[in-house]
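Biologist: I am new to this structure. Could you take me through one of its helices and its surroundings?

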Amino acid sequence: ATNISFSIAGLEFLENLNFDQGLSEEVFLAMWFDPSMDALFEHLEKSFEEEADLTLVRIDKVVHNNKIDDEIIAALRRSRLVLADFTCPCDGKLHRGGVYYEAGFAHGLNKNVIFLVREDSVEHLHFDTRQYNHIVWKEGDTGEIVVVGNEDKALGVAVLERIRAIEVET
């Protein structure tokens with residue numbers, strides 16, 4: 001039999017991992033920073049401001065004077081959870097490597113990740129994430145961002161429902 005022991009500092013560290021993420025008001029958004037994706041960010045940001053006490057963090061919108069990688073890791077560590085949008089250019093040849101990395105890092109921190117993808121990118125999802133329950137979205141006829149298969153539901157509403165479901169589970 002192997003004896004394993006934890007120091008008091010180690011136990012406190014483990015307790016704080018779960019404690020801190022539940023208290024954070026930040027939700028990290030990992031996504032493609034193409035201008036065509038700005039409407040997605042603005043839609044989600046508006047939904048969070050109107051419907052929840054959560055702040056959506058898109059790292060390219062954060063003012064800092066550090067290496068971007070360090071800012072990403074710090075933001076992921078302090079976030080309650082991560083939204084990861086796997087939308088890629090229509091040909092599917094340019095996967096969003098940063099999004100995959102950030103979602104994986106969040107999983108490594110035992111954080112919940114909500115997977116999103118635009119309808120035209122579903123077929124290009126990498127096999128590593130294809131098994132996760134993605135919320136598939138599209139721009140509706142009038143420019144609103146809606147859930148595919150339930151076009152009466154705004155994407156922001158679906159994301160907030162998923163967040164609330166996660167919080168009930170924990």
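**Helix H2 and its surroundings**

Modeller: In this predicted model, the crossing of H2 past H5 is right-handed.

Biologist: At what angle do the axes of H2 and helix H5 cross?
Modeller: H2 covers residues 38-51, and H5 covers residues 155-169. Their axes come within 9 Å of each other, and the crossing angle is roughly 55°. That angle makes H2 oblique to H5. The value asked for is therefore roughly 55°.

Biologist: Which residues in H5 do the residues of H2 meet?
Modeller: On the H2 side, the residues in contact are Leu-40, His-43, Leu-44, Ser-47, Phe-48 and Glu-51. Their partners in H5 are Leu-155, Gly-156, Val-159, Leu-160, Ile-163 and Arg-164.

Biologist: What arc around the axis do the buried residues of H2 cover?
Modeller: Leu-40, Phe-41, His-43, Leu-44, Ser-47 and Phe-48 are buried in H2. They lie on the same side of H2, because the arc they cover around the axis is only 165°.

Biologist: Which exposed residues does the face of H2 turned away from its buried side carry?
Modeller: Exposed here means a relative accessible area over 50%. On the face turned away from the buried side of H2, the exposed residues are Glu-42, Glu-49 and Glu-50.

Biologist: How far apart are the end C-alpha atoms of helix H2?
Modeller: H2 has 14 residues, and at 1.5 Å a residue it should span 20 Å. The distance between its end C-alpha atoms agrees with this, at 20 Å.

Biologist: Is Asn-110 buried or exposed?
Modeller: Asn-110 lies in the loop between helix H4 and strand E4. Its relative accessible area is 52%, so Asn-110 is exposed.

Technical notes:
Residues are numbered from 1 along each chain as its sequence is written. This is a predicted model: local features need pLDDT of at least 70, side-chain atom pairs count only at pLDDT 80 or more; totals for chains, interfaces and linings use all residues. Side-chain values use heavy atoms; hydrogens and water are left out. Helices (H or I, at least four residues) and strands (E, at least two) are DSSP runs, numbered from the N terminus. The expected span of a helix is 1.5 Å times one less than its number of residues. Buried means under 20% relative accessible area, exposed over 50%, partly exposed in between (1.4 Å probe, protein chains only). The arc is that of the directions from the helix axis to the C-beta atoms. Axes are lines fitted to C-alpha atoms, for helices over the stretch in contact, and angles run from 0 to 180 degrees between N-to-C directions. Angles under 35 degrees count as roughly parallel, over 145 as roughly antiparallel, 65 to 115 as roughly perpendicular and the rest as oblique. A crossing is left-handed if the near helix is turned anticlockwise from the far one by less than a right angle, and right-handed if clockwise. Contact means heavy atoms within 4.5 Å.
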